[in-house]
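Take a look at the model below.

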Amino acid sequence: MTERDVMDFDVVVVGAGPAGLATAIHLANLVERHNQDVEKAGKGDKLEPQICLIEKAAEIGNHSISGGVMDPKGLDQLLPGWRTMEPKAPVEAEVHDDYALWLTAKGGFKFPITPPPLKNHGNFVVSLNKMVKWLGAIAEQKGIQIFPGFPAAQLVRDGNRVTGVQLGDSGIDKHGQQKGNYQAGGILAGKLVVLAEGSRGSLTKQLVADLNLEGKNPQVYGVGAKEVWEVPAGQCAPGLVVHTMGYPLDSHTFGGGWVYGMGKSEGDKNLVSIGLVVGLDYRDPTMDVHRQLQRMKLHPKVAPFLKGGKLLHYGAKSLPEGGLYSMPRVYGDGFLLVGDAAGLMNSMRLKGIHLALRSGMLAAETALACLQKGDSSMATTVAYDQKIKADWIHDELWKCRNFHQGFHKGRLAGLVNAGFATMFGGKGTFWSDELKSNAGHTYMQKVGPYFGGKGKPKVDKLAEDGVLTFDKLTSVYSSGTLHEEDQPCHLVVTQPDLCSTRCVEEFGNPCQHFCPAAVYEMEEKAGTRHGVELKINASNCVHCKTCDIMDPYQVINWVTPEGGGGPNYTNL
Ligand SMILES: Cc1cc2nc3c(=O)[nH]c(=O)nc-3n(C[C@H](O)[C@H](O)[C@H](O)COP(=O)(O)OP(=O)(O)OC[C@H]3O[C@@H](n4cnc5c(N)ncnc54)[C@H](O)[C@@H]3O)c2cc1C
């Protein structure tokens, strides 16, 4: 058995996104307040907890990506003075104008009024990647021990109780043999472990399955592909927020696009954020979010925003879209789930940063209670769930609790359902008060309308021009993604035989399409049933987790690669 160093902490936070950082920062603030109260009162015990936060990216923020409009509600509560703090919060622009576009294949129109969920006045255009770096510096100042470049590879448990995490090993070659620089990942033992891994966290997924934590509905996800462009001055005003619906997605596919004016950054460049989210419960097995984004950019109502511009950055990531009824149980013996890991995303508004920050604060309050009582069993951690239910987080998610499920009957039905819920403040919904949904991959259809006569997918190939549209490999290059090449593949296909047999026949190998980073390829291979074999280009992986979510047979398991590997996002 491998010998592993063990380090003891009071609280171990996994993931330095907004949720994990808010947990750490707020806990440090609460401990400080607690100690001041003890000093003033002259009685009670002061606390000196050891709090650590680990992150798989080489630097805090490198794996952080969002569309980029932040509702300041969460940050206002976490850091009430943030608007005047030094160093300044990296806000790109305040939203001054917003509208929504309905796109048809060749035209479209501007909605006469902006649908209320898409109104953004008072919100801020941000780069999450910069925001997270800024929060990371604050956490460090508060004495949090931050370890970037250290993925948590698995949970350490004693029965149902989480007692810590095991860090990933490093220095293992692609055949599983130890190299000269081999280091066994240590164990970070924690009285409380806060899982802030974001969407489809690998530890969270395992825990939800093992302890049966799933909510009323299974989680349903989306995947977003985003680009940041430099454009000529005046072409897309800083703080302009445009949302698109319709084209390029068909009426059975949930999703929509955006164009956000970011203002000046990276020297004197005028930046624009453009992207598209597609629900990972689509029917078409050839669906490809990267290709759909390229098509969207060619649309006559979208292309003018980018005219004369230049692609700077690309990224892609999944997001939980199931809403309130898809939230897992968020607490247990020795653990809490926060942010996207807890399913706290408002898909009607495409916003989760404020919910992640707020849930981190509520988790911190619960962590303080655990420290004070010396107990992090379920009897104490249940308070976190109660706090969420009594908070604006719950009110906000309750109003749109059936939003995503409504689209399973098609786009029109989904929009009517959303309109109904918005008009009546979520008090009733069109069909039912509690719409059911299944796991997203189950909606994918087998070969049929999406395939041509010879069983080949009917993929509408784009002739990428390298100016406005790009192939996946160029996009991956723009994401700065890098992994150690000589390491075990972190995309573990548990039944590889399926790929060159049933999957060819039934779904046409959808992994080639749904991966927004060209990780999966079907290579020609003589002697196989269909003359093809799966090739995995793991070093392209941008950690979006789409393959783990959308594989129709659920045989792809995304596990953490060697520390520091992955995208190197800038301004995303
Ligand atoms: C395309 C897209 C567009 C979006 N647009 C918006 C928007 O405009 N406005 C908005 O408010 N929200 C938006 N969101 C949602 C928002 O980004 C998330 O809700 C928010 O980032 C969730 O924060 P989090 O801290 O829970 O997770 P994340 O931000 O995902 O952070 C999780 C962190 O944990 C790390 N991690 C994961 N697993 C491990 C591990 N095992 N070990 C160590 N580290 C690990 C990751 O590297 C990451 O840094 C968007 C999301 C996407 C994908």
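How much space lies in the second largest cavity? About 100 Å³. This is a predicted model, where local features need pLDDT of at least 70, side-chain atom pairs count only at pLDDT 80 or more, and totals for chains, interfaces and linings use all residues. Residues are numbered from 1 along each chain as its sequence is written, and side-chain values use heavy atoms, without hydrogens and water.

A cavity is a set of points on a 1 Å grid over the protein atoms alone where a 1.4 Å probe fits but cannot get out; lining residues have an atom within 4 Å of a point. A volume is the space filled by probe spheres set on the points.

The second largest cavity is lined by 15 residues, and the closest to its centre are Cys499, Cys503, Cys511, Asp551 and Ile556. The lining holds 13 nonpolar residues, 1 polar and 1 charged.

Now turn to the rings. Rings of Phe, Tyr and Trp (its six-membered ring) pair if their centres lie within 6.5 Å; planes under 30 degrees apart are stacked, over 60 edge-to-face, the rest tilted. The count is 10 aromatic pairs. One of them, Phe254 with Phe403, is edge-to-face, at 5.7 Å centre to centre and 75 degrees between the planes. Phe254 lies in a loop and Phe403 in a helix, so the pair ties together parts 149 residues apart in sequence.

Methods:
1 Å grid on protein atoms, 1.4 Å probe; cavity = no way out; pocket = protein on both sides within 12 Å on 5 of 7 lines; lining within 4 Å. Nonpolar A, V, L, I, M, F, W, Y, C, P; charged D, E, K, R; others polar. Helix = DSSP H or I, 4+ residues; strand = E, 2+ residues; numbered from the N terminus.
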